[in-house]
Amino acid sequence: MERTKVSYLIRFNRILIWITLVLSIVFVISGYGITNPGFVSDLTGGIFNRARSLTIHLQLSFVLLILLTTHVLIGAKSALTRWGVKNETLLNAFLLVLGFFAITLLTLMQYYIL
């Protein structure tokens, strides 16, 4: 049973990595489209003009940070388990609290702090 949980977590993390990679590439292209709109607009056939690049870049920043935070927390769980942390309940509780704190902080920075 425990092995199944770990394998699902590993599979989820691998899927998460690919989604994060694709969104990171779009994030970089849109960021470059803000600073050099002519080149990126020509390169993408007009899809990433300056206004659309800015909108996509701003919308992706929060999603990308959430995905990266989730990926880091899954990696931290794996690393701490390999390093000999035995109390899995305490480890899971710690990582959940840390993840909740990080996502709450990101949400506050994204939507409420001017």
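N13 is buried, at a relative accessible area of 13% (buried means under 20%, exposed over 50%, partly exposed in between, with a 1.4 Å probe and protein chains only). N13 sits in helix α1 (helices are DSSP runs of H or I with at least four residues, numbered from the N terminus). The model is predicted, so local features need pLDDT of at least 70 and side-chain atom pairs pLDDT 80 or more, while totals for chains, interfaces and linings use all residues. Residues are numbered from 1 along each chain as its sequence is written, and side-chain values use heavy atoms, without hydrogens or water.

**Buried side chains**
- The N13 side chain makes a polar contact with the side chain of H71 at 2.8 Å (a pair of N or O atoms within 3.5 Å; within protein, one must be able to donate a hydrogen and the other to accept it, and residues adjacent in sequence count only if both atoms are side-chain atoms).
- H57 belongs to helix α3.
- H57 counts as buried, because its relative accessibility is 19%.
- The H57 side chain has a polar contact with the side chain of S30 at 3.1 Å.
- The H57 side chain also reaches the backbone oxygen of F27, at 3.1 Å.
- I34 lies in helix α1 and is buried, with a relative accessible area of 17%.
- I34 and W18 are 16 residues apart along the chain, and 25 Å separates their C-alpha atoms.

**Helix α3**
- Helix α3 covers residues 50-82, 33 residues in total.
- Its first and last C-alpha atoms are 46 Å apart, close to the expected 48 Å (1.5 Å times one less than the number of residues).
- A kink of about 30° is centred on L60 (the bend is the angle between axes fitted to the seven residues ending there and the seven starting there).

**Largest pocket**
- The largest pocket holds about 680 Å³ of space (a pocket is an open set of points on a 1 Å grid over the protein atoms alone, where a 1.4 Å probe fits, with protein on both sides within 12 Å along at least five of seven lines; the volume is the space filled by probe spheres set on the points).
- Its lining has 25 residues, and L9, I74, K77, S78 and N92 are the closest to its centre (lining residues have an atom within 4 Å of a point).
- Helices α1 (2-35), α3 and α4 (88-111) each give two or more residues to this lining.
- The lining divides into 11 nonpolar, six polar and eight charged residues (Asp, Glu, Lys and Arg count as charged; Ala, Val, Leu, Ile, Met, Phe, Trp, Tyr, Cys and Pro as nonpolar; the others, Gly among them, as polar).
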